[in-house]
Amino acid sequence: MKTEINFQQLTSPSISTETTPNFFGEIVQETSALTRRLFIQLQRRPSSLAAGIIQPVMWLVLFGALFQNAPKGLFGDTTNYGQFLAAGVIVFTAFAGALNAGLPVMFDREFGFLNRLLVAPLASRFSIVFASAIFIISQSLLQAAVIVGAAAFLGAGLPDTAGLAAITMIVFLLALGVTAISLGLAFALPGHIELIAVIFVTNLPLLFASTALAPLSFMPGWLQIVATLNPLSYAIEPIRYLYLNGNWGLNDVVMHAFWGDVTFGSALLVLLGFAVVGLLSIQPQLRKTLA
């Protein structure tokens, strides 16, 4: 007889369940329940999502106005800085949101809820990680959609259907890799103060050491090298290329790095590799904590 796993069963150590043969189905059920809990928390505190949407739109408006009279050619083939900036705002918003992914887990640790989950009869404790990743990536995609719409309204244009699908894939890969690293830090660091410190130290340096606000040609030589090693640049440049070019392909060059040209396809491969490395790097810590 199959026993349904509800949210109370996930959080109560005194309730036992019968073993079912559908192991994968149980993980999906557990992940769904934990993900639903995170969305309920968001529903009760919608200001966090509103701030995560309003802030990047303000960036588009204010920075776009600040540099609207910039000399022609300073930002590549476009005189519309909003069109140039849209890619950077999309990527940095997804990055900042994913970097915060570990905070809910860290607060669950400190308030004791995570301990209740760890002693609950879960089919797999990795469903805790899956739920957090689904929640954060969903938020990142929603924010990206709003920014794309706002950028179009402000005159930056709108990529075609294939371009929008490519943007979705890029945001997904970046958010997945950063979320994995943030969750790993949430299990490794002693408390939320340390995690917030890491977030503050990481956020702005990675923003300014990328091509989000200025092209590579505008940077000094040493910063160009840093920017071409920054994974954010490999998400920004393909999206920017979609905004500036109606026709695009995987073999099109999107960035001129110090070692050679970076194509659209190779940038996607870098992001895929970044996500895989992020997921693999946290496995030892997750096994130590969740096993």
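Ala, Val, Leu, Ile, Met, Phe, Trp, Tyr, Cys and Pro count here as nonpolar, Asp, Glu, Lys and Arg as charged, and the others, Gly among them, as polar. This is a predicted model, in which local features need pLDDT of at least 70, side-chain atom pairs count only at pLDDT 80 or more, and totals for chains, interfaces and linings use all residues. Numbering starts from 1 along each chain as its sequence is written, and side-chain values use heavy atoms, without hydrogens and water.

Start with the open space. A pocket is an open set of points on a 1 Å grid over the protein atoms alone, with protein on both sides within 12 Å along at least five of seven lines; lining residues have an atom within 4 Å of a point. Volume is the space filled by probe spheres set on the points, which are joined across faces, edges and corners. The largest pocket holds about 940 Å³. Its lining counts 34 residues, and Ser-48, Ala-96, Gly-97, Asn-100 and Leu-103 lie nearest its centre. By class, that lining has 20 nonpolar, 11 polar and 3 charged residues. Helices are DSSP runs (H or I, at least four residues), numbered from the N terminus. α3 gives the most to the pocket lining, with 7 residues.

A cavity is a set of grid points where a 1.4 Å probe fits but cannot get out. The structure holds 3 cavities of 30 Å³ or more. The largest cavity has about 90 Å³ of space. α2 (23-44), α5 (102-111), α6 (113-119) and α7 (127-153) each supply at least two residues of its lining. Among the lining residues are Arg-37, Asp-108 and Ser-132. The lining divides into 7 nonpolar, 1 polar and 2 charged residues.
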